[in-house]
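I opened my notebook to go through one protein model, feature by feature. Here is what I looked up, in the order I did it.

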Amino acid sequence: MSAAVKIEDVRVPLGEDFPEIRASVRRICASFPGAYWRDLEAREAYPAEFVKALTGAGYLAALIPEEYGGAGLPLRAAAVILEEIHASGCNAGACHAQMYIMGTLLRHGSPEQKARYLPQIARGELRLQAFGVTEPTTGTDTTKLKTRAVREGDHYVIHGQKVWTSRALHSDLMLLLARTTPLDQVKKKTEGLSVFLLDIRACRGKGLEIRPLKAMVNHNATEVFFDGARVPAENLIGEEGRGFRYILDGINAERILVSSEAIGDARWFTKTAVAYAKQRIVFDRPIGQNQGIQFPIARAHAETEAADLLLRKAAALFEAGLPCGDDTNMAKMLAADASWHAGEACMQTHGGFGYAREYDVERKWRETRLFQIAPISTNLVLAYIGEHILGMPRSY
C-alpha cells in the first residue's frame, strides 16, 4: 500500500460483509453441534474432524497468498471466518493460531522457507498450530524469557520451558521464540531474541517433551520442555537477535482475529438468551417481558455492535498498512467485555439451566472468559491506553 494513503481514505465496510464466506462457514459448523463439543470436552480430545473440514474448505489458508496455494484473502475475511465459527456455537481455538502464526513466516521468512512450508500448510499436509512464547516465570514480560538457543555448527541447541503452548500435541511445526544472546549482554532488552520454525516431529523424544496441561477450557494446552533439542540453523526466521520485532509485527493481526471470536461469542450468547427469554414462561408470562432480563441482553447487544465497528476499523487500517495499534488494543478490550457481558446475561437468563451442559451455555461461558486474559489481559490494554494514547506516565 502506498505511503500516500491517508487515514481518511480508509472506509470500514458496514453490514454483513463477506456474505458467501459467512454462509459457507455456517454450513460447515452446522455439522458440529453442541453435542460434538461436549463429547470432546468429556474426552479432552482434539476436534480433528472440525479442523479437517475447515482445512478442506480452504479457510485455514485464508491469509496465505495464492502463489503459495492459499486464498490470499484480507485480514477482515479471516476475522469473519472466526467470528462465524464462534457465532455458530463452535470454537476456533483448535486452529486459529495457524492464521496468525504463518504471518511471521510470510513476512520475515526466506524465499526458501516460504516455498518449502507455506504450500504444505495451505494444502493441510502440515499443521502450524503451536506458538512457543509464554513461560512459567515470565508471562507477559517476554523480553525476560529464559529459553536459550545456542548455535553449534549448523544447528541451534534449545534449552528451556514453555507453558500454555496450545495444540503442541496436534501440530507438526512450532513457531518458537528463544533468547540467542543473554539478556545481560544486549544494549536493549528487546534485542537478542530469535524466532525459529521448529519441526516437532523431528525433535520429540530428542530433547523435546510435551505434556498435556489440564485447564478450564478444552484448548489442548500443554507444557513444553526443551533439553538439548536441535533445530537446523536454516530454520531461523529472519535475522538472529531480531525475533522480538518479528513477533510484535504479528500481534495486531492476532488480536484482531481473536477479537473477532469474542464478537462471535457475544452474538451466540445474545441469540441464545433472546430465544430462551421468549419461550421460558414463569408466572404465566415469558421472562423476556421483564426488564431485569431484557436490559442486560440489550446492553450486551449494544456493546457488541460498538466493539464490532472499532474492530472493523482496526482491520481496515491494518490492511491499508497504517498504524492500527491503538484501535486494535481498544477493540480487543471492548470485544472481550462485550462477549463476557453477553455471556453473563445469557447465563443469568437461563438461571439453573445455564449450568446444565446440554444447553452449551456454561461451556461457551467458560470459553469466552479467556478473552479477558488472552492474547493480552484487559489490564495491559488499559495500561497501553493510559500511556500511548492518553500520554500518562508508564505504569510498568
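This is a predicted model: local features need pLDDT of at least 70, side-chain atom pairs count only at pLDDT 80 or more; totals for chains, interfaces and linings use all residues.

**Entry 1: charged pairs**

I started with charges, since side chains of opposite charge can pair when their charged atoms come close. My search of the whole structure turned up 30 salt bridges.

I picked out Glu152 and Arg230, whose closest N and O atoms sit 3.5 Å apart. Glu152 is partly exposed, at 41% relative accessibility, and Arg230 is partly exposed with a value of 41%.

Next I looked at Glu239 and Arg242, which form a salt bridge with 3.4 Å from N to O. Glu239 comes out as partly exposed at 45%, and Arg242 is partly exposed at 34%.

**Entry 2: nonpolar cores**

Which residues touch the most other members of the largest nonpolar core? They are Phe50, Ile85 and Leu257, in a core of 71 residues. Helix H4 (residues 75-87) supplies the largest share of this core, with eight residues.

Leaving out residues up to four places away in sequence, Ile85 touches Val25, Cys29, Phe50, Leu54, Cys90, Asn91 and Ala92. Apart from this core I found another one of 20 residues, among them Met174, Val224, Phe226 and Ala233.

**Entry 3: H4 against H10**

Two packed helices are described by the angle between their axes and the distance between the axes. For H4 and helix H10 (residues 291-319), the axes come within 9 Å and cross at roughly 145°.

Which residues meet here? From H4 I listed Leu75, Arg76 and Glu83, and from H10 Asp308, Arg312, Ala315, Phe318 and Glu319. Sorted by type, the residues of this contact give three nonpolar, no polar and five charged.

After H10 comes Gly321, with a positive phi near 75°.

Why do I call H5 largely enclosed by the rest of the structure? Because 10 of its 12 residues are buried. Among them are Gln98, Tyr100, Gly103 and Thr104.

His108 is in H5, and His108 is buried at 16% relative accessible area, as buried means under 20%. Not counting residues up to four places away in sequence, His108 touches Ile237, Gly238, Arg245, Tyr246 and Asp249.

Then I moved to Leu118 in helix H6 (residues 111-123). Leu118 is buried, with a relative accessibility of 0%. Skipping residues up to four places away in sequence, I found that Leu118 touches Ile64, Tyr68, Met102, Leu105, Leu106 and Gln113. The C-alpha atoms of Leu118 and Leu106 are separated by 8.0 Å, with the two residues 12 apart along the chain.

Most residues other than glycine have a negative phi, and most peptide bonds are trans. I went looking for exceptions.

- Ala374 and Pro375 are joined by a cis peptide bond, with omega about 5°. I located Pro375 in the loop between helix H12 (361-369) and helix H13 (378-389).
- Phe18 has a positive phi, near 50°. Phe18 lies in the segment before helix H1 (19-30) and is partly exposed, at 27%.
- Trp164 also has a positive phi, near 55°. I found Trp164 in the loop between strand E3 (155-163) and strand E4 (173-179).

Methods. Residues are numbered from 1 along each chain as its sequence is written. Side-chain values use heavy atoms; hydrogens and water are left out. A salt bridge is a side-chain nitrogen of Lys or Arg within 4 Å of a carboxyl oxygen of Asp or Glu. Buried means under 20% relative accessible area, exposed over 50%, partly exposed in between (1.4 Å probe, protein chains only). A nonpolar core is a set of buried Ala, Val, Leu, Ile, Met, Phe, Trp, Tyr and Cys residues joined through side-chain atoms within 4.5 Å. Helices (H or I, at least four residues) and strands (E, at least two) are DSSP runs, numbered from the N terminus. Contact means heavy atoms within 4.5 Å. Axes are lines fitted to C-alpha atoms, for helices over the stretch in contact, and angles run from 0 to 180 degrees between N-to-C directions. Ala, Val, Leu, Ile, Met, Phe, Trp, Tyr, Cys and Pro count as nonpolar, Asp, Glu, Lys and Arg as charged, and the others, Gly among them, as polar.
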